[in-house]
Amino acid sequence: KHQQDGRERASQEAEDNARNNQRKRHAWRHIFWLCPAITLMLGTWQVKRKAWKEAIMAERDLRLAQDPIEGIPEDLIAASPEDLEGWKYKRIALQGYFIEDLDQQMVLGPRSFDGETGYHQISPFITTDGKRIMVNRGWISHTHPLARMASSMRSKKNEVVLPSATQKTDPKKIQSIVVLVRTADKPGSFTPLNEPNNRFFYFVEPQLMAKTINALPVLLEMTNDNPVPESDISPIP
């Protein structure tokens with residue numbers, strides 16, 4: 001009887017092993033067929049992503065090649081954050097003057113330029129028809145008076161000393177500039193909150209920026225095809 005029980009157990013174990021081996025073969029067959037399917041899906045995704053990028057670049061180049069729009073369109077002023085996407089890469093020609101007083105400036109950063117850390121300077125710009133808008137004028141070094149003042153304010157020190165040669169606004173200094181519409185940034189998980197009380201911003205947030213300096217909620221950006229008379233401001237590439 002013991003021998004018979006042993007043979008039955010051995011037979012059962014053999015059947016179990018056979019079934020397990022069969023399952024493994026089936027699993028490997030599925031994996032074998034799944035790999036090409038995954039590869040095909042990834043390849044299709046890459047092709048679609050490439051086409052999507054090429055379409056965006058083609059649209060950008062088309063808009064940049066168009067003649068600038070003269071003045072700030074009312075549709076742009078009233079545009080929602082979602083609608084602003086339709087204004088990206090469209091050039092706008094403006095005439096007016098910058099508000100130069102340091103207590104009216106905002107900084108965005110930090111941003112690197114030619115291996116040096118600095119910030120972007122955002123100033124109010126008064127158009128000839130009286131609109132007060134925000135313009136990113138370009139990159140400034142961390143040694144710039146505005147950057148030093150912003151750093152002092154953020155560190156809560158009472159060491160803010162404005163330079164004796166602080167620029168003053170000259171309404172007669174009319175400039176012609178060409179700008180692009182800048183849309184809001186999507187901050188990362190570890191990006192600090194903006195500090196409007198200090199006029200210091202880590203990421204672009206047009207609505208909050210506009211409230212900070214009492215301007216229209218549209219951020220425009222000068223590019224490197226503008227003449228930059230200020231030697232201490234570098235145009236944005």
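Biologist: What share of the 237 residues in the chain is buried?
Modeller: Buried residues make up 33% of them. Keep in mind that this is a predicted model.

Biologist: How many helices and strands does the chain have?
Modeller: There are 4 helices and 8 strands. From the N terminus, the order is α-β-α-β-β-β-β-α-β-β-α-β.

Biologist: And the contacts? What percentage join residues at least 24 apart?
Modeller: Counting contacts between residues at least 6 apart in sequence, 65% join residues at least 24 apart.

Biologist: How much accessible surface does the chain have?
Modeller: About 15,200 Å². Carbon and sulfur atoms account for 55% of that.

Biologist: Let's go inside. Which residues of the largest nonpolar core touch the most other members?
Modeller: Leu 94, Val 135 and Leu 220 do, in a core of 18 residues. At least two residues of this core come from each of α2, β2, β5, β6 and β8.

Biologist: What is Leu 220 in contact with, leaving aside its neighbours within four places in sequence?
Modeller: Its contacts include Ile 72, Ile 92 and Leu 94. Ile 133, Met 134, Val 135 and Asn 136 are also on the list.

Biologist: Switching to α4. Which of its residues are buried?
Modeller: Pro 206, Met 209, Ala 210 and Ile 213. Looking down the axis of α4, these buried residues fall within an arc of 100 degrees, so they line one face of the helix.

Biologist: Why would that spacing put residues on one side?
Modeller: An α-helix has 3.6 residues a turn, so residues three or four places apart point the same way.

Biologist: What covers the buried residues of α4?
Modeller: The cover includes strands β3, β4, β5, β7 and β8.

Biologist: What follows α4?
Modeller: Asn 214 does, and its phi is positive, near 55 degrees. This residue sits in the loop between α4 and β8.

Biologist: Is Asn 214 buried or exposed?
Modeller: Exposed, because its relative accessibility is 62% and the cut-off is over 50%.

Biologist: Where is Tyr 89, and what is its phi?
Modeller: Tyr 89 is in the loop between α2 and β2. Its phi is about 70 degrees, positive although Tyr 89 is not a glycine. Tyr 89 is partly exposed, at 28% relative accessible area.

Biologist: Which residues does a cis peptide bond join?
Modeller: Gly 109 and Pro 110, with omega about 5 degrees. Pro 110 belongs to strand β3, residues 106-113.

Biologist: Stay with β3. How does it pair with β4?
Modeller: In the antiparallel sense, over 6 bridges. Phe 113 has Glu 116 in β4 as its bridge partner. The two strands form a hairpin with 2 residues between them. In that turn, Asp 114 has a positive phi of about 55 degrees.

Biologist: And β3 with β7, parallel or antiparallel?
Modeller: Parallel, joined by 2 bridges. There, Leu 108 is bridged to Phe 201 in β7.

Biologist: Now rings. How many aromatic pairs are in the whole structure?
Modeller: A search finds 4. One of them is Phe 98 with Phe 125, edge-to-face, at 4.8 Å centre to centre and 70 degrees between the planes. Phe 98 is in β2 and Phe 125 in β4, 27 residues apart. Phe 98 and Phe 125 are buried.

Biologist: What about Tyr 119 and Phe 200?
Modeller: That pair is edge-to-face too, at 5.6 Å centre to centre and 75 degrees between the planes. Tyr 119 lies in β4 and Phe 200 in β7, so the pair ties together parts 81 residues apart in sequence.

Biologist: Which residues form one aromatic cluster?
Modeller: Tyr 119, Phe 200 and Tyr 202.

Terms used: Residues are numbered from 1 along each chain as its sequence is written. This is a predicted model: local features need pLDDT of at least 70, side-chain atom pairs count only at pLDDT 80 or more; totals for chains, interfaces and linings use all residues. Side-chain values use heavy atoms; hydrogens and water are left out. Buried means under 20% relative accessible area, exposed over 50%, partly exposed in between (1.4 Å probe, protein chains only). Contact means heavy atoms within 4.5 Å. Accessible areas come from the Shrake-Rupley method with a 1.4 Å probe; for residues, only the protein chains shown count as cover. The arc is that of the directions from the helix axis to the C-beta atoms. A nonpolar core is a set of buried Ala, Val, Leu, Ile, Met, Phe, Trp, Tyr and Cys residues joined through side-chain atoms within 4.5 Å. Two strands pair if DSSP finds at least two bridges between them. Rings of Phe, Tyr and Trp (its six-membered ring) pair if their centres lie within 6.5 Å; planes under 30 degrees apart count as stacked, over 60 as edge-to-face and the rest as tilted.
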